[in-house]
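This report looks at a ligand site, a helix and a single residue. Please view the structure before reading on.

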Amino acid sequence: MTDQYILLRAKEIHKTYSGKAEPVHVLNGVHIDIRKNDIAAIIGASGSGKSTLLHILGGLDRPDKGTIRFRNTELSAMNDEALAHFRNRNIGFVFQFHHLLPEFTALENVFMPGLIAGKPMSEIRDRAEYLLEETGLSDRMDHRPAELSGGEQQRVAVARALMNQPEIIMADEPTGNLDERNTEKLLNLLLDLKSKEQTAIVLITHDHRIAAVTPTVYLLKNGMLESTVIENS
Ligand SMILES: Nc1ncnc2c1ncn2[C@@H]1O[C@H](COP(=O)(O)OP(=O)(O)OP(=O)(O)O)[C@@H](O)[C@H]1O
Ligand SMILES: [Mg+2]
């Protein structure tokens with residue numbers, strides 16, 4: 001596979017947490033390539049470093065060593081402000097717990113990344129309404145997060161992640177908190193929107209059912225992504 005297909009390439013990523021306690025060596029030379037419109041699942045034991053890796057891949061955190069290139073942009077070369085701007089434009093995040101802003105409605109939560117990007121309000125509103133319709137929430141737009149079910153909250157979080165048409169979505173156990181029916185619904189939604197929006201997804205999951213429908217599954221173990229990649233398709 002030539003480089004032109006690579007959307008995001010992480011090389012030799014190392015991360016150690018060193019605070020007051022014993023240092024924790026979490027990542028120990030991770031390599032991963034994500035291609036345009038790709039979907040990759042990352043599985044691994046609790047505490048193996050999946051969230052740490054996802055945050056680093058998405059530019060929310062920095063590695064101690066290693067490089068992350070998104071298209072032709074090297075994330076480590078950016079200062080914090082430039083990186084925040086870059087994330088807002090190019091990367092969507094969905095977290096295990098929705099991280100919606102409690103005082104704002106579903107619609108306002110979805111258009112927040114558009115506001116931050118400085119897009120015109122009419123465009124923002126149209127896009128947010130479209131995404132909430134796509135996620136099956138057209139009759140919940142004016143609800144605050146506390147007035148939504150767990151599954152609905154996660155669907156709002158997915159809509160919000162897609163607001164600025166990112167080329168990649170980083171999802172950290174987005175179904176971790178949902179029952180079986182809502183897990184399946186959210187997964188189908190992600191897959192459907194992924195193909196409509198041509199977005200790549202990195203999906204962290206404990207759920208082997210999810211891992212089973214994605215083309216590539218990586219196992220994070222001993223600080224590395226195991227080379228025994230399970231190819232499902
Ligand atoms: N800020 C921090 N300071 C010190 N240690 C940390 C910090 N954040 C995470 N860790 C440790 O690093 C390891 C990896 O954490 P991480 O959250 O990436 O794991 P994970 O694979 O996402 O786990 P889970 O499946 O439970 O979400 C854990 O052992 C954790 O205790
Ligand atoms: Mg985690």
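Which element supplies the largest share of the shell around ligand 1? In this predicted model, that element is α1, with three residues. Both α1 (50-57) and β2 (24-35) give the shell at least two residues each.

Around ligand 1 lie Tyr 17, Gly 19, Val 24, Val 26, Gly 44, Ser 46, Gly 47, Ser 48, Gly 49, Lys 50, Ser 51 and Thr 52. By type, the shell has three nonpolar residues, eight polar ones and one charged residue.

The next topic is helix α3. This helix covers residues 106-116, and its buried residues are Ala 106, Leu 107, Asn 109, Val 110, Phe 111, Pro 113 and Gly 114. An α-helix has 3.6 residues a turn, so residues three or four places apart point the same way. The table lists the helices against which the buried residues of α3 pack.

| Helix packed against by α3 | Residues |
|---|---|
| α2 | 80-90 |
| α4 | 121-134 |
| α5 | 150-162 |

Just after α3 comes Gly 118, whose phi is positive, at about 75°.

The last topic is one residue of another helix. Glu 184 sits in α6, which spans residues 180-197. Why does Glu 184 count as partly exposed? The reason is its 14 C-beta neighbours inside 10 Å, because a buried residue needs 20 or more and an exposed one has 12 or fewer. Along the chain, Glu 184 and Ile 210 are 26 residues apart, while 8.4 Å separates their C-alpha atoms.

Key: Residues are numbered from 1 along each chain as its sequence is written. Chains are lettered from A and ligands numbered from 1 in the order in which they are written. This is a predicted model: local features need pLDDT of at least 70, side-chain atom pairs count only at pLDDT 80 or more; totals for chains, interfaces and linings use all residues. A residue is near a molecule or strand if its C-beta atom, placed from the backbone, lies within 6 Å of it. Helices (H or I, at least four residues) and strands (E, at least two) are DSSP runs, numbered from the N terminus. Ala, Val, Leu, Ile, Met, Phe, Trp, Tyr, Cys and Pro count as nonpolar, Asp, Glu, Lys and Arg as charged, and the others, Gly among them, as polar. Two residues are in contact if their C-beta atoms, placed from the backbone, lie within 7 Å.
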